[in-house]
Structures are given as C-alpha cells and as structure tokens.
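I opened my notebook to record, entry by entry, what I looked up in this structure.

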Amino acid sequence: MTAYFIQAFIYLCAAVIAVPIAKRLGLGSVLGYLMAGVVIGPIIGLVGAETNTLQHFAEFGVVMMLFLVGLELEPKMLWNMRNKLIGLGGLQVGLSTLVVMGIALSFNYGWSIALTVGMIFSLSSTAIVLQTFNEKSLTKTEGGKNAFSVLLFQDIAVIPMLAFIPLLALPELVEKAQSVTQSAAEHHDELSLVAGLPGWAYGIVVLMAIASVVVGGHYLSRPLFRYVASSGLREIFTATALMLVIGIAALMSLVGLSPALGTFLAGVVLANSEFRHELESNIEPFKGLLLGLFFITVGAGINFDVLLSHIGPVMAMTSGVILIKASVLLVLAFIFKIRGSDRWLFALSLAQAGEFGFVLLSYTVQNHVITNELAQLLSLVVAISMFLTPGLFILFDKVILPRYEKNENTREPDDIDEKGTVIIAGVGRFGQIVNRLLVTNGVKTIVLDHEVQQVENLRKINTKSYYGDATQPDLLHTAGIEQAKMLVIAIDDPERAVGLVEYIKHTYPHIIIMARAFDRRHLYRLRNAGADFMVSETFHSALNLGKHALIRLGVHPFKAEQQRATFYETETTHKDTLYEAWKQFTEDDKYLVHYRDMFIQLEETLSAAMKDERYRSFSKVERSWTPPPKENHTEFSKAESD
Amino acid sequence: MAQVAKKILVLYAHPSQERSEINTPLFKTTQLQPNVTAVDLYGEYPTFRINIDREQQRLRDHDIVVFMFPLYWYSTPAILKEWQDLVLEYNFAYGAKGKTLCGKTFLCALSAGGSESAYCEEGYNHFSLRELLRPLEQMANLTGMNFLAPFALFCARTASEENRVDTHVQKWIRTLRALSEDRFDIEFAQSLEKLNGHLDQLIREH
C-alpha cells in the first residue's frame, strides 16, 4: 500500500509541477505531462517498471475521452459527417499506410512487416490532438473539424487492423514463440467471450454486443438515470456514469472490440439525452486525470538506452513519419478544399503517430508479426513523434497563423448576426416562458433544471433541456458557459441564485446575467451581486391584474393602461434611491428607518402621479395628450376636433 | 468667422428597422455627425410612453429639428404623431406663453415608395410631397419654426438595387453639415418643392 501511495504521489507531484509551467510557457498541458514523464522516468529514474502496467490503465482515459466526444456528437451530426469521415479518413489511413509501406519495402523488409509498420504509423494521436484542440479552442475551426473526422475514422479503423494483424504472422517467429512459451501463453490469454468461436458465431456476438450498447443506451439508460437522479445523490450519479462507461468498455473487451469505439458509440446514443451535460461534468475530471497519466507514461516509457544507441535511425524515422504524414494530409487538404491556415492546422496536427500505435505494436509482437527489437525502435518513434506534436502546434501558432491572419482579417467577420447562446438555469413556471420567447425568436438556448420531471416534460414538447444542478460550476462548464453570451437565472432557491450571480460575475464577467427575483429584497441582493437585469417574478403579472381590475371597475381600457404604465415608471424612477437606501441599512441597522421613509415617499409619489393623471389637465409628472384651455380656443386652434 | 455651430435634433421614426434599406443607414450615419443628436423614437419608446419632459428639453437644447421617417399613408409613422400630440404642449410650443420653438428651423428627411412623377396633380398620388406635408408645415408655422422643403428620396423600394443609397446618404450629410455651420440658404430652402437637386445653390461653400 505504501508503495502505491508513494508512486501516486510522485506522478501527481510531477504533473502539478510540470503542467502549469508548460501552460505558462504556452506549450500546452500535453507537453507538460510528457516532460513530467521524462523527468520522473528515464532522467531521475523514480518510476520505471510499472509504467507499462500503468499505461494500460491510463489508456482508459482515451476510452473516456471518446465517450465524451460521442456525447458531443448527435447521430444526425455523425451522419452528416459521413463523407468526410470515410473519404478524408479512409484516404488518409490508406495513403499513409501505402507510402510508409513502400519506404519500408525499399529497406528490404518483408511485405507483411512493411504493411504492419504502415498501419501503425498511419494512426494519429486522438488523445493529444483533441486535448490540444480543446485547450486552444480550435475544435470548431474548419481544420479542427476535418482533423476530428480523420481521427474518428482512425479509431474505427483500429478494429479491422487488429483483426487483420494475426494473419500476417511470420512463420519463423511463431515457431520460436510456440516452442518457448506455449503453455505460459495459454494461461495469460485475456478473459474473452469469443475465444475459440467460429467466424460466423463471432460475428453474431459482436453484432449483439454493439446492438446491446445502442438499444440499451437508448431505452434503458433513461429510466436508470431518472431513478438515480431522483435519489438526489450526486456521487451516486457519478458512480452510475462511471459504471456505464466501464461496463461498456468491459463488454467490448470481452468480445474483442475496441473499448474506445464502444464507449464512443454509447456517447453518440446518449448525445440527445437530457442527462448529457450532467454525464459530461461527471466523467470529465476522470478523463482529464487519466489522460494526463497516459501522457506521463508515454514520457516515462521512453527507453533512453535504446534511444541513445539508435539515435540516428530513430530520429530519421521520426522525422520521416512526420514528413510523410504531413504531406499526405496536405495533399488531401488540397483535394478536399480545406483552405488557408486550416489546411496547415489539419496537416500539422495529425502528423504524429498515436497511442493506438502502441496498442498495435504490442499486439503485433504478441502475434509474432515483427520482432521485439524492431518493436522497441518503432515504439520510440511513436513516442517521440507524439512528443514533438506540441512543437508542431507551436509552429502553427507562431509561424503559420500570423501569416494567414493578415489576409483573413480583411474578410468580413462571419458571425455578425450570431446572437450567441443563452443558458437558462431553471425551467419552472418562469424560465419556461423566457425560453419559449427566446427559442421562437431563433435564439439558441441550453436549458438546465434539477427536476427530472420538468426536464422530461419539456423534452416532450421538443425543448432542448438537460438534467443537472445549474449552480454547479462543472455542469455550467459542460453546458458551455465559456461560450455563452447570457445566463438567465430562474431557479427556485433564492440563496443559490444570489450565489450563482456572484460566481458567474467573478469567473466570467463578460456574461450578461438576467435574474428572476422573488421580492424586492431579493432583487436588491441580486443587483448587489452584479446581475445585469432583475425583475420581481410577480411584479408585472400583479400590475396586469390590477389594470384589468380597473377596467372591470369601469375605467376606460386605454386610461387603465396609462395608469399601469405610470405606476411602473414611478417605481422605475425610484428604484435607484431605494436600492441605495437598502444597501445602507443592510450595512447598518439604523438606516432601516431611512429605508422605510424612502418607501413611504415612493408611495406618496405614486399616488400623486396617479392623481395628476386624473384631475389635472396640465400636470408635470406623467401626462397624456391635454387639450389647450377653452378660453383661447379660437386663437390657437390646435385641437380642431376637440 | 468663428461662430457657434447650430445644434441639430434628428427624430427618427421607423417601426421595422431590420427591414429598412434607406432610413437605417441614413440614421446610422447621421448619428456619427458632430453637433447632431439623433434619437431613435421607436427604440427609446417601444411602448409609446414618450417622456414629455425629456423631449421638451431636447427641443430647447437644439436649433434645428428634423423628422426622419419613411412616408406611411402620406404621413409620418404613428410615433411621430404621438410625439407631436404629447410634446408640443400648450404654453410650451404654442399658446400665449408657448414660444419655445420660435425661430428654430424644421425639416423632414423622408423616403417615399412612389416615383417623383406620382407625386403631382397628374400622378396617382395627386399631390406633391410638399403638399402632403401640409399638416407638418402648419405645425411649424403655429410653433414659429421655419419650414424647409423636404429632403426626399423617391422610389425608395428599389434604391438599394440601383445603388442610389450611398449618394443619398452623402447628400444628406452635406446638408446636415451646411445647416450646422450656417452655410445654408434657409430662405431659398423654404420656397422649394424639395431640397434634393438644389444643394449646390442652397449651400455656400467655405
């Protein structure tokens, strides 16, 4: 136990020191983790033997990341991407594999080895690229979107590759292995549902597994989440989310599929779910830490002995791989009409080899396709190319982007009509109406509520709403508060509403806050906390009822409306003085009297304003059209029809 | 030569500005001019609750008053009428003590859908634009303001397609500058049918 603590401490410590430094230097967190790994692994030698085991564990971060990626992608979007996914992704994997294979063949490797090496290097690092895109907010750019569809295709392509590699086994390696470790290998075989099944049965099992993820995700997840959510225990919801992801990963491993693909699929199935943002905010921290761990293990796993003894070939191969992949990508970018700086982003971001390279490598060794020595060299190439990726992003940021920015700045800004997203916290009686008005005016809203029933009802009438506690920073983050333009606060809890205003104004001062208040004091408190617009929930409806009361009592409707408006305007002109008075008395009780005086004064002004309207033909405060006095009628006959 | 610039108040009325092709660009450029206060009446009073005191103060603070609007049914959009009804009170704008507006200058900057030939006795609108603006002319007379011929754009619906908007805006800016710098022949302007087409005679260059 002590050893675990010490190791965990070393890893965390390295991350805590290295990542903020890397971030501050503008290198991105990925490079920070990698450096941390190199320092604690090969350089200081604090860790070593366990990195391999840890890496398997840390690869789960990639699985979680793909789950989160899936959550962001509705099936419809995925379908819309199909051309790019298959065209761009397929061509990238195919061409890169062929070019690398050709070069390997020219170095007199056998065709099966050459093909394997080609496949290994054709894959890029989903983990590094997506993480960096997120950090640099490049996800929504043209280059970022295209890179994503390629990565997605690669993640899918891993599966046929894994199926294909055993067929390439070299007879002499197989023989050697069999004679040495025949019995041992049998025992170390992983737990599997499909071992020894004939091909057709295997196919059926795989299909059933995928079907169960899709169908289960679609039909069973909702009742399950609803049941858990109604318990109101946040940590149980987290447990459920983890259970789901781990369960799917386990199922996929059992049938020999990629866990990453399985969870990605589950993510897509749940992308439309009202629990999406809550799921995201629960899984996100685990993903972040595991991915970090993964990058550290990549750094720590660099074998300096092998590297130093083969520094020439390794470096040559690494730069070769990056060059080949970048040129293939550039050509594709040209064919698929990706323009400007996006073309370079697309080409540079995907030029490295990826974590699936490690997976394929260990798999090829297990299946006796390539020798252990070659595999060690190749895994160095994979690791170093990943290591260099942040450098390529820096190259993009510092050299390529500035060159294009000059040209692109002269273009008109694209999103001039974009109204921006509005997050609505709480969709009870109040928030619902706000939401309907905004949505019917083409404003994009994201609705959050912690009442499962409420969310469900809204979903029935096609309102995009999500389950979750809107006062939780995590949930607001996954709902996209950073990109939002406005937050409407219509939650039931007055205290938390004030807290939410304070939090948002402190963390995201640019966001406009529109807040519903319960009464006058709550309104002052919201204003004090920094809300941009507040309204008492009952004020306008009460005024409206009052107006109709006047009408029923015989007041002319137009007159009644004028009186209502006068009432409202008098309130408005007094709100600042009342607010100042309130602020003083909350600081010091003796001002309470002062506040009461102010309030009484408001009432007096109010009734004066109302009387003005009614009895004085020539008032000073508020007035409608007033006829000129009768005595001068003939001389100044403005009111001919009077 | 140094003299105080005249202050211009532009009261702009357009109830659907997102569809406006002439008046909104015109207003937006107007807003940027020196010595001009440009008020979007529909923007400031979306419920027609006009603040009479504020509007009267604005009138006191300016020397030239402009109504800027698209012609609706041979008249102004509704809020300008409401503005007249409420702001031009007895003993403020007219009446024994109502001398506030005396000596100021008043003009309309408007757009009309029909062609200029439609606005004459033979045309389908039967009256000239200036004739149709008689109620406003009389408003100016009663309140003691000098009524200038309108600054008008005809065939407004197709002006954007025919690239007439920019020149119209430029001419308007030139008029505003000349008015503010007192280089405008007020007397001549009172006698015309419309200002457009006479700017070279109306404006004295420096």
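**Ground rules.** I noted that this is a predicted model, in which local features need pLDDT of at least 70, side-chain atom pairs count only at pLDDT 80 or more, and totals for chains, interfaces and linings use all residues. Residues are numbered from 1 along each chain as its sequence is written, chains are lettered from A and ligands numbered from 1 in the order in which they are written, and side-chain values use heavy atoms, with hydrogens and water left out.

**Val321(A).** I found Val321(A) in helix H15 of chain A, residues 311–335, where a helix is a DSSP run (H or I) of at least four residues and a strand (E) one of at least two, numbered from the N terminus. Val321(A) counts as buried because its relative accessibility is 6%; buried means under 20% relative accessible area, exposed over 50%, and partly exposed in between, with a 1.4 Å probe and protein chains only. Leaving aside neighbours within four places in sequence, I listed its contacts as Phe121(A), Ala351(A) and Val381(A), contact meaning heavy atoms within 4.5 Å. I also noted that Val321(A) and Ser122(A) are 199 residues apart in sequence, while their C-alpha atoms are 8.8 Å apart in space.

**His168(B).** His168(B) is buried, because its relative accessibility is 5%. Beyond its neighbours within four places in sequence, His168(B) is in contact with Ile22(B), Leu26(B), Phe151(B), Ala152(B), Leu153(B) and Asn196(B).

**Two positive phi angles.** I kept in mind that most residues other than glycine have a negative phi. Phe48(B), although not a glycine, has a positive phi of about 65 degrees, and Phe48(B) sits in the loop between helix H2 (41–44) and helix H3 (52–61) of chain B. I recorded Phe48(B) as partly exposed, because its relative accessible area is 28%.

Asn163(B) is likewise not a glycine and has a positive phi of about 55 degrees; I placed Asn163(B) in the loop between strand E6 (151–153) and H7 of chain B. Is Asn163(B) buried or exposed? Asn163(B) is exposed, because its relative accessible area is 64%.

**Ile6(A) and Glu193(B).** I found Ile6(A) in helix H1 of chain A, residues 2–24, and Ile6(A) counts as partly exposed because its relative accessibility is 48%. Glu193(B) lies in the loop between helix H8 (186–191) and helix H9 (199–202) of chain B, and Glu193(B) is partly exposed, with a relative accessible area of 45%.
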